[in-house]
Amino acid sequence: MQLNCKDLTLSNRKWVYLIVLSFIWGTSYILIKKGLEGFTPIQLGAARIVIAGLFLFGIGFKSLRSISKAAWKWVALSGFIGSFFPMFLFAYAETEIDSSIAAILNSLVPLFTLFVGLFAFGISFTRNQLLGVFVGLLGAGVLIFFGKDINPNQNYWYSGFVIVATICYACNANIIKSKLQHVTPMGIAVGNFAFIFVPALVVLPFSGFFNVEVTSGKYFWSSLGYIVILCVIGTCIAKVMFNRLVQISSAVFSVSVTYLIPIVGIFWGILDGERFTVKQLLASLLILLGVYLVNKKRRPEEAS
């Protein structure tokens, strides 16, 4: 009975984490957009890492003790592919595409998580899951195709930055699940930033962040405020929650947060005046259908 109660508690907790993370990360895209009003993508990405790193070191430095000597290489790899590169990739993407489109394309993460799990970690998949990957990718292609017609002034080739970032996230989820189960969620987060903090700290002054033209700009303080919110809530708190979610569920379930992220992202985008049409909605539903098929449980005869 105790085991059943424990399983039930973990099941409830993982859904709470999923919903909270979807709201936090769904809001991240509009915060990135607002941050880009006062900063370049390089400045924004480097500032995010430095601010988030300082916050994490302040609240969780002792958690580094939970990282074994053998795990440090995986923590380092997780830091670069799960945080460092995606932060810059999304910033560059949103210089040309709407924040809502970035949020929708992020839904490709579970599809790539399946592929990474298969090829890198030997995790099997079903025919439905393979179909889900193709449906999801088709939806992404349709979304980009329609976007070029709906927003001709935007360069939808920049969607590629988001797609590369989703592959990074997929790799990171599998690394945490397969290699870092014994490390605390806070330890993973702080360890990640222990490796990526110095490179970002070097990049920040060379990016022109402290130049007078930037610091005296019209949007400097407002954009900096958005970045701080993004760092503390969207990076630090959410990263620790996500690491814990991966540990108490599966890699594919944890990245299913992307089911709800587009809803939140579209909501903020529309409030900010972004265009979103029925065609884009249908393409988004195709992506989510693909994600559903990827996460669909095996039937008994398939599992045998």
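This is a predicted model: local features need pLDDT of at least 70, side-chain atom pairs count only at pLDDT 80 or more; totals for chains, interfaces and linings use all residues.
Reader: How many salt bridges does a search of the whole structure find?
Author: Side chains of opposite charge can pair when their charged atoms come close. The cut-off applied here is a side-chain nitrogen of Lys or Arg within 4 Å of a carboxyl oxygen of Asp or Glu. Over the whole structure, the search gives 4 salt bridges.

Reader: How many residues apart in sequence are the parts that Lys33 and Asp272 tie together?
Author: The two side chains meet in a salt bridge, at 2.7 Å from N to O. Lys33 belongs to helix 1 (residues 2-35) and Asp272 to the loop between helix 12 (261-271) and helix 13, so the pair ties together parts separated in sequence by 239 residues.

Reader: Is Lys33 buried, partly exposed or exposed, and which class does Asp272 fall in?
Author: Buried means under 20% relative accessible area and exposed means over 50%. Lys33 has 24% relative accessibility, so this residue lies in between. Asp272 stands at 30%, so the class is again the one in between. Lys33 is partly exposed, and Asp272 is partly exposed.

Reader: Where does Glu274, the partner of Lys33 in a salt bridge, lie?
Author: The side chains of Lys33 and Glu274 meet at 2.8 Å, N to O. Lys33 is in helix 1 and its partner is 241 residues away in sequence, so the pair ties together separate parts of the chain. Glu274 has 8% relative accessibility and therefore counts as buried. Its place is the loop between helix 12 and helix 13.

Reader: Which residues are joined with Lys34 into one network of salt bridges?
Author: Lys34 forms a salt bridge with Asp272, with the closest N and O atoms 2.8 Å apart. This pair links helix 1, which holds Lys34, to the loop between helix 12 and helix 13, which holds Asp272, across 238 residues. Lys34 has a relative accessible area of 17%, so this residue is buried. Through salt bridges that share partners, the network joins Lys34 with Lys33, Glu37, Asp272 and Glu274.

Reader: Leaving aside neighbours within four places in sequence, which residues is Arg275 in contact with?
Author: Arg275 is placed in the loop between helix 12 and helix 13. Its relative accessible area is 48%, so Arg275 is partly exposed. Ser100 is 175 residues away from Arg275 in sequence, but the C-alpha atoms are 9.1 Å apart in space. With the neighbours within four places set aside, the contacts of Arg275 are Asp98, Ile150, Asn151 and Gln280.

Reader: Are the rings of Phe80 and Phe85 stacked, edge-to-face or tilted?
Author: The structure holds 17 aromatic pairs. In the pair formed by Phe80 and Phe85, the ring centres are 6.1 Å apart and the planes make an angle of 40°. Planes under 30 degrees apart count as stacked and those over 60 as edge-to-face, so this pair is tilted.

Technical notes:
Residues are numbered from 1 along each chain as its sequence is written. Side-chain values use heavy atoms; hydrogens and water are left out. Rings of Phe, Tyr and Trp (its six-membered ring) pair if their centres lie within 6.5 Å; planes under 30 degrees apart count as stacked, over 60 as edge-to-face and the rest as tilted. Helices (H or I, at least four residues) and strands (E, at least two) are DSSP runs, numbered from the N terminus. Buried means under 20% relative accessible area, exposed over 50%, partly exposed in between (1.4 Å probe, protein chains only). Contact means heavy atoms within 4.5 Å.
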